[in-house]
Amino acid sequence: MICTKAHRIDCLAVVFTVCIGCAHAAMQPAENLTRLQDYNVVWDSPSPGFHGSMPLGNGDVGLNAWVQENGDLHFYIGKTDSWGDNARLLKVGKIRVRITPDPWQEGRDFRQCLSLAEGAIHIRYGKSEKALTLKLWVDAFHPVIHVDAQGESTFALTASVELWRTEAYELPSIEVSDVHLHRGIPGNQHAPTVVEPDTVLPNLPNRIGWYHHNVKSVGPELTMRQQGLSSYEMADPLLHRTFGAIVTADDGKRVDDVTLTTSPATSQHLSIYVLTRHPSTPDAWLKSIDRVIRSVEARSPEAHYKIHRGWWADFWNRSWIYARGSGKQSIVSVPPNQHPVRIGVDQQGQNVFQGVVGRVSIFSTALSPSRIRQLAHLDKARSPAPEAGLLYAVVSPGRGPISNSAGWTFSQDVTLEAWVRPAKLPAGGARIIDKITPGGSDGFLLDTYPGNSLRLVTAVGTLEAKNALPANRWSHVAALIDHDRGRLSLFVDGKEIAEEGFENRADASVVTRAYILQRFINACNGRGAYPIKFNGAIFTVPNPGSPGDADYRRWGPGYWWQNTRSAYFGMCTAGDFDQMGPLFDMYAGPVFELSKYRTQHYFGQRGVYYPECIYFWGAAFSESYGWTPFEQREDKLQESRWHKWEWVCGPELVWMMLDYYDHTLDEAFLRERVLPVADGVLAFFDQYYETDSAGKLVMHPSQAVETWWECTNPMPEVAGLHAVSQRLLSLPDSVTTSPQRRYWKSVQAKLPDIPTRQIDGVTMLAPAEKFDMKRNIENPELYAVFPFRLIALGKPSVELGIKAFEHRWDKGNHGWRQEEIFMAYLGLTDQVRDNLVRRARNKHKGSRFPAFWGPNYDWTPDQTHGGVLMKAFQSMLLQTDGKKIYLLPAWPREWNVDFKLHAPYKTIVQGRVRNGEVQDLDVSPPSRRADIVLRN
């Protein structure tokens with residue numbers, strides 16, 4: 001069968017076939033939880049600091065947890081509603097847990113495992129039955145952090161509160177969305193931004209604690225007054241907000257106001273209770289947290305943990321995607337090349353090592369740190385004795401190639417060790433050992449770039465330790481590529497000075513793990529009082545050079561809709577409906593009500609427009625709106641052109657709520673949330689813009705997101721209004737009224753056509769009917785593809801999207817860029833696969849956790865990066881259009897997969913793909929099987 005371009009989108013399975021009732025049954029929940037263990041994050045060494053933290057949480061309370069190299073457990077505590085008095089989302093605080101006697105020394109066995117199925121971190125010091133173990137978890141149903149410890153011998157725990165907000169502190173610089181940012185004046189601050197100190201609770205009986213109480217409110221009153229909204233009745237969302245924590249322990253004894261210790265025993269338990277109350281007094285807050293403590297203590301930690309594990313098991317069994325290559329695939333740490341190994345020079349005879357090389361050894365195995373320490377103590381005039389994997393060991397080798405080394409075989413591991421005495425080297429450094437194309441990554445090299453540093457370059461990453469090699473002094477250096485552990489290491493004089501993990505999985509497995517870990521992060525901070533913060537969530541850590549310690553986040557406390565929505569793209573398909581509540585509660589709740597008032601007050605019309613950039617109470621950013629008071633303006637809109645007429649938030653919000661309704665069929669949500677917001681959004685555009693002689697809206701002035709600032713009929717708003725009105729009119733008559741439907745039809749009739757443009761006679765989607773003043777790098781012309789799905793697989797005009805994609809102005813596959821989603825919805829299988837793999841491998845290089853993305857355009861961990869990844873991966877497998885369910889619309893044939901995903905009308909689709917064959921397809925309810933369309 002031949003698929004021509006004209007009908008290729010409607011071809012049924014050519015490559016893929018369906019096998020129902022094949023030999024293997026569909027994966028069951030117990031098997032899912034077993035498979036999930038393959039994606040646990042396991043470390044076999046402590047971390048040097050907070051950049052080696054793991055995330056953990058219960059949806060509202062989140063931790064950045066790590067074990068320091070001295071064996072102490074540390075964790076920052078974040079919370080979704082810990083808004084400080086400057087409207088900044090603050091950390092609650094930090095805890096250190098010390099074990100006495102010290103359970104770990106360098107060289108002893110250590111294991112730290114993030115158990116995804118349990119929502120817990122397990123830490124083991126030592127081996128087998130003599131090990132001391134810690135279990136860290138945040139109760140899925142209560143605001144309490146648990147530390148459980150078990151050991152063969154008696155030991156004590158000491159918990160210390162480590163605060164940084166210890167006195168009033170004026171921030172020397174603030175971010176774009178901070179309330180006082182005023183770029184037009186010296187210092188860029190309208191007034192000082194002063195962070196108030198936390199309060200340590202004194203003399204608590206056998207417990208310790210602290211709180212932060214907002215004694216002032218900076219933002220709500222100021223922004224509402226400045227923006228002409230003072231008459232809107234609103235309780236102050238910051239003033240007297242109080243948040244903090246109490247630490248308790250079995251048999252705990254207060255040492256001082258910030259230190260709690262336990263009596264020696266073989267079993268220990270710490271509890272850290274975390275609470276926000278608003279409005280509250282410190283006394284009222286303390287009484288509230290006491291009630292929480294009594295309630296939790298009424299049941300044993302073991303009983304709580306059983307219920308906690310049940311929540312996580314239910315969460316993971318809602319849905320899954322496990323992909324892997326259909327053949328034997330692995331990442332090559334040391335790709336073969338034709339180069340010999342060279343000592344003291346590169347492959348072109350350049351970058352000559354200036355100084356003395358005393359001994360060089362090369363191994364095709366990954367030596368242990370203890371073995372490297374032994375080599376560091378071996379005299380530089382002696383070679384190591386022969387051992388497995390030793391390819392070369394020579395004292396005082398000359399500079400140049402090693403004979404016959406071009407044919408050496410390196411499996412996946414390499415250890416390089418040498419004694420060197422470098423001179424004062426130039427900035428370009430010098431080679432020590434080289435088997436790589438200059439400027440490439442097709443082998444390995446150990447050099448001193450820059451200057452007298454130490455650097456390892458490999459196919460799987462680059463590791464560098466600045467200024468590690470003193471001039472004119474002997475140093476023992478070693479470099480390690482350990483494929484099985486996914487680890488690069490550098491050593492000087494037997495001590496590890498730099499370490500970084502690399503992803504040693506095959507492509508499909510890399511994407512799977514990225515998807516699973518991002519979904520885990522969502523679950524850890526997606527069930528709180530406010531939407532997920534795109535720029536770091538509640539998992540920020542200190543950024544050296546930036547003020548505020550762990551409270552710092554680039555771009556500040558505000559919500560950009562275009563960034564915020566990304567974390568929510570994949571939640572319906574994953575079945576994570578509970579995590580969508582905070583987004584809708586804010587935008588379709590108090591922000592919606594304020595937006596109605598603002599629209600009437602500014603324009604004298606009904607309806608709702610949503611500014612792109614808002615604080616959580618709904619006012620626009622101070623810097624965006626501008627510092628000229630409302631009463632002194634003719635133009636009541638914000639002054640900043642970045643988002644002045646960017647109003648796609650309204651249509652997108654309605655679209656996402658309609659997705660939620662289609663999946664859940666929650667009619668109360670439809671009546672109480674979706675339809676009021678939809679009516680307000682349509683009414684705004686209907687009344688704000690005039691019509692032309694043909695009765696069509698002329699949407700000018702307008703802009704196409706942040707990219708095109710001078711537009712008429714911008715694609716995002718035009719496509720959004722078309723898509724929303726179509727979906728509203730497709731709702732059953734039983735849940736809508738005749739007047740509603742008449743009004744929707746009347747608005748639909750006024751909408752201008754989807755904008756297009758031509759290049760060399762080829763028609764394609766356009767950013768707007770007219771567009772000018774390009775200022776950013778989004779691709780608004782493709783919003784008709786996603787999120788609004790007007791131009792996509794199964795649509796007759798899909799070529800408009802494909803051509804627009806081919807001619808897009810800007811390209812990329814990180815941060816908030818949506819290329820991979822566009823690719824999936826346009827059926828560009830090879831492109832989405834390749835780009836998604838690159839996205840999944842593109843973690844923050846300074847962070848140890850493999851799904852801490854960023855900073856990209858925003859901050860670390862970047863939730864836009866992970867949100868796009870999740871939605872693209874799902875959309876390769878499953879897309880929907882009305883009742884149609886497209887299966888495998890952009891799935892690569894070489895990837896096998898087990899999946900369980902959600903579709904509209906309370907539908908669950910589960911099955912396997914093996915070598916292009918769909919097996920064990922199970923659709924619930926069975927009546928929806930007829931709506932499955934298998935795509936090529």
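Biologist: What do the buried residues of α1 pack against?

Modeller: They pack against α4 (301-318), β19 (320-325), α6 (507-525) and β41 (895-903), where contact means heavy atoms within 4.5 Å. Helices (H or I, at least four residues) and strands (E, at least two) are DSSP runs, numbered from the N terminus. This is a predicted model, in which local features need pLDDT of at least 70 and side-chain atom pairs count only at pLDDT 80 or more, while totals for chains, interfaces and linings use all residues. Residues are numbered from 1 along each chain as its sequence is written, and side-chain values use heavy atoms, with hydrogens and water left out.

Biologist: Which residues of α1 are buried, and what puts them on the same side of the helix?

Modeller: In α1 (residues 29-36), the buried residues are Asn-32, Arg-35 and Leu-36. They cover an arc of only 100° around the axis, which puts them on the same side of α1. The arc is that of the directions from the helix axis to the C-beta atoms.

Biologist: Why is Cys-113 called buried?

Modeller: The relative accessible area of Cys-113 is 6%. Buried means under 20%, exposed over 50%, and partly exposed in between (1.4 Å probe, protein chains only), so at 6% Cys-113 counts as buried. Cys-613 is buried too, at 1% relative accessibility.

Biologist: What makes α10 and α13 roughly parallel?

Modeller: Two packed helices are described by the angle between their axes and the distance between the axes. The axes of α10 (590-603) and α13 (residues 667-688) come within 11 Å and cross at roughly 20°. That makes α10 roughly parallel to α13, because angles under 35 degrees count as roughly parallel, over 145 as roughly antiparallel, 65 to 115 as roughly perpendicular and the rest as oblique. The contact is made by Phe-592, Thr-599 and Phe-603 of α10 and Pro-676, Val-677, Phe-684 and Tyr-688 of α13. Axes are lines fitted to C-alpha atoms, for helices over the stretch in contact, with angles from 0 to 180 degrees between N-to-C directions.

Biologist: Where is Gly-604, and is this residue buried or exposed?

Modeller: Gly-604 lies in the loop between α10 and β33 (613-614). With a relative accessible area of 57%, Gly-604 is exposed.

Biologist: What makes the phi of Asn-404 worth a remark?

Modeller: Most residues other than glycine have a negative phi, and most peptide bonds are trans. Phi of Asn-404 is near 65°, a positive value in a residue other than glycine. Asn-404 is in the loop between β23 (400-401) and β24 (414-422), and is exposed at 70% relative accessible area. Leu-888 also has a positive phi, near 60°, but counts as buried at 1% relative accessibility. Leu-888 sits in the loop between β40 (884-887) and β41.

Biologist: Which peptide bonds are cis?

Modeller: Among them is the bond from Phe-786 to Pro-787, with omega near 15°; Pro-787 is in the loop between β38 (768-774) and α16 (798-806). A cis peptide bond also joins Gly-854 and Pro-855, with omega about 0°.
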